[in-house]
Amino acid sequence: MANSASQKKRNRRTITQTQANIRFGSTIKTLFRGVEDAAAAGDAEALAARARELEKTIDKAEARNVLHRNTAARRKQRLARIVAGAAS
């Protein structure tokens with residue numbers, strides 16, 4: 001149990017950050033599954049919409065320091081590969 005005010009504040013911040021990490025991580029994984037499903041089905045319209053949503057979510061996670069910038073870039077590159085593969 002925290003005794004000092006600063007440690008109590010730190011504990012509150014840790015809980016908030018942990019929840020953001022879980023929320024963004026789970027959302028990104030779910031959106032990737034949706035993109036892969038749309039690519040497999042050959043639905044170009046759904047693929048484009050889901051890809052935009054996923055890229056936006058990755059950018060938000062990067063801006064809030066949930067994802068490192070290199071990790072965000074790697075995931076966006078993976079998304080671009082999926083979209084390009086479905087287009088060909």
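Which residue's side chain does Glu36 meet in a salt bridge? The partner is Arg78, at 2.9 Å from N to O. A salt bridge here is a side-chain nitrogen of Lys or Arg within 4 Å of a carboxyl oxygen of Asp or Glu. The pair links distant parts of the chain, with Glu36 in helix α1 and Arg78 in helix α3, 42 residues apart.

First, the ground rules. This is a predicted model, in which local features need pLDDT of at least 70 and side-chain atom pairs count only at pLDDT 80 or more, while totals for chains, interfaces and linings use all residues. Residues are numbered from 1 along each chain as its sequence is written, and side-chain values use heavy atoms, without hydrogens and water. The predictor's confidence in each residue, pLDDT, runs from 0 to 100. Its mean over the protein chain is 94, and 100% of the residues reach 70 or more. Confidence is lowest in α3, at a mean of 94, and highest in α2, at 96.

Now take helix α2, residues 44–63. Helices are DSSP runs (H or I, at least four residues), numbered from the N terminus. The expected span is 1.5 Å times one less than the number of residues. For the 20 residues of α2 that gives 28 Å, and the end C-alpha atoms are 28 Å apart, which agrees.

Which residues of α2 are buried? They are Ala46, Leu47, Ala51, Leu54, Thr57, Ile58 and Ala61. They cover an arc of only 130° around the axis, so they sit on the same side of α2. That arc is taken from the directions from the helix axis to the C-beta atoms. An α-helix has 3.6 residues a turn, so residues three or four places apart point the same way. Buried means under 20% relative accessible area, exposed over 50%, and partly exposed in between (1.4 Å probe, protein chains only). On the other side of α2, Glu45, Arg52, Lys56 and Ala63 are exposed. The cover over the buried residues includes α1 (5–41) and α3 (69–87). Just after α2, Asn65 takes a positive phi of about 60°.

Back to the charges. The structure holds 2 salt bridges. Besides Glu36 with Arg78, Lys76 pairs with Asp59, their closest N and O atoms being 2.8 Å apart. Lys76 lies in α3 and Asp59 in α2, so this pair ties together parts 17 residues apart in sequence.

How accessible are these partners? Glu36 is partly exposed, at 34% relative accessible area. Arg78 is partly exposed, also at 34%. Lys76 counts as partly exposed at 26%, and Asp59 at 31%.

How values were computed:
Helices (H or I, at least four residues) and strands (E, at least two) are DSSP runs, numbered from the N terminus. Contact means heavy atoms within 4.5 Å.
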